[in-house]
Every structure is written in C-alpha cells, then in structure tokens.
Amino acid sequence: MGLKERIRSKKVSVGIIGLGYVGLPLAVEFAKAGLKVIGFDVQKEKVDLVNKGDSYIDDVKASELREVVDSGKLKAITDEKFLGRVDAVCICVPTPLDKHGQPDISYVKASTKQVAKHLQKGQLVILESTTYPGTTREVILPILGKGGGKVGKDFYLAFSPERVDPGNKKYHTGNTPKVVGGVTPRCTELAAELYKTFNPKIHQVSSPDIAEMEKILENTFRIVNVSMINEIALLCDRLKIDVWEVIEAAATKPYGFMPFYPGPGIGGHCIPIDPFYLVWKARETGFYPRFIELAGEINNMMPHYIMTKVNYALNKVKKPLRGAKILVLGVAYKKDIRDYRESPALNVIKLLKHKGALVEYHDSYVPEFDDVHGTGLKMKSIPKLTKEKLAGADCVLITTDHSDYDWNMILDSAQLIVDTRNAIKDRKSKKVYRF
Ligand SMILES: NC(=O)c1ccc[n+]([C@@H]2O[C@H](COP(=O)([O-])OP(=O)(O)OC[C@H]3O[C@@H](n4cnc5c(N)ncnc54)[C@H](O)[C@@H]3O)[C@@H](O)[C@H]2O)c1
C-alpha cells in the first residue's frame, strides 16, 4: 500500500518535533483522528508532562490529552531515534530573532539534521515553524537531500504554516483551514492528505515559498494594523478624543473596515517577530519593506508611552514615579493565556523599575516568570488580588484584560488606574486614565 492509501486508512505514524504551543495541539489532533503519534522534545519536563496527560498549553484540554495518551495514540519521548520509525514528521520548533534582530533558524536546522540522520525511503517531512520564504527549498531540502535521496521520489517535503491563535475559543488547530505547499506536486498531495485526517479544509498552493510567504503576510497584516491603531490612539490622546469610542463607531460600517484595538504593544512568539524574517529576506534583494519597519518602531515605543502615561497620572495626584507603588495587572501578552513571551507588559515593568517605581504584578495565568532571554526580569505574582492590595498601590496599571478580573472591584478599590485595554468601561471616573 502506498503512503497516500495508508494515510487514508489511517495506518500511518506521525512524529512531531517540538511539543510547544504549536506542536502539542497538532499532536493531539492527529492522535484524536486515530493516527499513532510520537512527540519529540528536547525538554524532558514537557515530555514527562505529556506522558502523564498533564497539559501545559491553554488550548489543549487535559482531558483530551489524557485520553489520547491513555489510549496509546500519543507518546512523548526525548530520543530522536524514533524519527526513523515514523511515516511523517512535522517540525514545530521555535524561530526567534537573534540579539541583532536577524532570523535565528538554528532550531529548524538542528531538527532537520536529526530528521536527515534517520530519514527513511518514502518519508514525508513537513515544516510548520513560521519562517522566511525560501527556507524549505533553500535550507531544509539540501540537508535532507545530502544522503542522495531525491525529493518527490525518495522522500517528500512540504511547508504548512501553523495558524493557531492562543486563547481563541472558536478557531483552533482542528478547524482552521490549513495551507499546504510541497516542493513537488506529489509532496503537496501527500501533505494535504495527512492533514485531511483531522481537518477537512485544506488549501493547496503551488510551492512551499507561497505557503511561507502567505503566513508572513497574515502576521504582517496584523502588526501593521495593530501598530496603525496604536498610532491613532496616541494621536487621539493628544486631541483628547476617546479612541475606543471612535473605533466602536467605525466598526459599525458593514464593509471595508475591520476593527483593531490599541494596547501596550504586540507580544507573543509570532506577530512581533515573523514580519522581521521577511524584512531580512527582502534586504537580500535590495528591497526595504517600510510598512513593517514602521510598524515595528511604533510597537517598540508603546511600552515607553505607557510608562509616561503612568508618570502623567501620578503627576496629576502630585506623586513622583520614583518610589511609587505600581500594581501591574496582567503580564501575559494577551487575555486568558499564560504565554508571556515578548509581552509588552514586561517592557513596561522594566521601564517603570528603571525610573525607581516599586512594581508588583498580579496574573493568575502567570504565577511567576523568568524572562531570561528578553527583559532579564524574574518576578512572582502577588498571590491574590484583594481590595487592600489594590487600595495600597499608588497606581494600578492594567496591561492584560484577563476575563477573571473583577473590574468593578478594581475600579472601586484602586486610588488611580491606567487602563491600556479599555477594561474599565466607566467614563465618568476621574481616577482612570486611558489612551
Ligand atoms: N505560538 C503561536 O501562537 C504560534 C502560532 C503560529 C505559528 N507559530 C510558529 O510555530 C513555531 C513554534 O512556536 P511555538 O510557539 O510552538 O514554540 P514553543 O517554544 O512553544 O515550542 C517549541 C518546542 O520545540 C522544542 N525544541 C526546540 N528545538 C528542538 C529540537 N531540536 N528537537 C526537539 N524539540 C525541540 C522546544 O523545547 C519547545 O518545547 C515557531 O516558528 C512559531 O513562529 C507559533
């Protein structure tokens, strides 16, 4: 039986490299569809948690994870040798920027080398990590082809971007349409067949480059629009116009407008990073994508603006920022998730501390954090958000509007509030400062 037929009859095994925000939900979807899945991660703690059925990803329900682990459909390991025993491999490793803001594809290269070492005839390899256009053909293919195998004949290679939106209650890995672009038509066909086992909506494109580029287009669209609305928010602040009311009104237009909302800046492992993979690639051709650079500049200055807003609010009540007690609410980069990577709240905290403010934070999703690769901050959340804690702060700064916050209690108890998320709807209170 050929690979396509075996996929159709679900007689295939899949290896997932990297059991993070992308890899774990994907592994669970394949396992729920009845495929045998082996998850591979270099972090033993994650592997142990998966095998215990303990989910560390908000979007993966512990009950679902436990079910596929208990039924033997999903097993996690740290031993790369399994790569030679699966029919297909999905690579879901990080693609960060290095300290000079350049793409760091070292994780992708390292895991591809692992795959190459164990590559079997007829194996299908799919890259899911977001990266610049050309990576699959220019970086992955030569590594896999080193052993003399021919793509489309001896092994198959495709790119299929993950589109998971952490915290999204409606769309997840299992029901978000999947874009697939193979190096050859046969590669596309097989990769599409594999994803069809759990997702009926597959969009095939003519090459991996198209799939790589479309993913960065999605993320560029978001960074540009969020940064644009942040700039509008800064302008409205100067004009003393409530930007939130402006957006609400504009959003009544049934066509040609899509609301984006201001905030302390963009966070997470995708939107603030991926578009700069494209900027780097574009420079190779002597092209400078100005929209992305400008969006990045605006995004990067938002934490500084929030710090000055706190300073302004304290000044109104005749308090200096130095020595002021600031209670920050929410350090996750967006509501109802525990991911704090690239979170603007951390940059705001760093700036406030630098000015001599005494900063504490509360976040029930992030009881502690160690931002060793970013701001260098390491902090623990206050255990409980009480009226006393709120009243004791010179300023309460809302950076993430988690659904479990009691906004009425916060408004009633706090002395002064800077709200970057429009969480407090009361427009009459004189103690609330927003954009
Ligand atoms: N987080 C998101 O919302 C999201 C959404 C869409 C796309 N993406 C993209 O998906 C990719 C993965 O992102 P993520 O958020 O899942 O990252 P993550 O850090 O949550 O997970 C990556 C995992 O890969 C593991 N890993 C690293 N090198 C490895 C190796 N050589 N072998 C085995 N395991 C290895 C790490 O230990 C980690 O557990 C990135 O390219 C990202 O841009 C992320």
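Which residue in β2 does G15 stand opposite? The points below start there.

1. G15 faces I38 of β2. This is a predicted model. Strand β1 covers residues 13–17, and five bridges tie it to β2. The two strands run parallel.

2. Strand β2 spans residues 36–40. Four of its five residues are buried, so the rest of the structure largely encloses this strand.

3. F40 stands opposite I77 of β3.

4. How many disulfides does the model contain? The count is zero. C187 shows how this works out: the nearest cysteine sulfur belongs to C90 and lies 14 Å away. A disulfide would need the two sulfur atoms within 2.5 Å, so C187 is in no disulfide.

5. Is C187 buried or exposed? C187 is buried, because its relative accessibility is 0% and the cut-off for buried is under 20%.

6. C395 has a relative accessible area of 0%. C395 is therefore buried.

Note on methods:
Residues numbered from 1 in each chain as written. Predicted model: local features only at pLDDT ≥ 70, side-chain atom pairs only at ≥ 80, totals over all residues. Heavy atoms only, no water. Buried < 20%, exposed > 50% of the residue type's maximum accessible area, 1.4 Å probe, protein only. Pairing = 2+ DSSP bridges.
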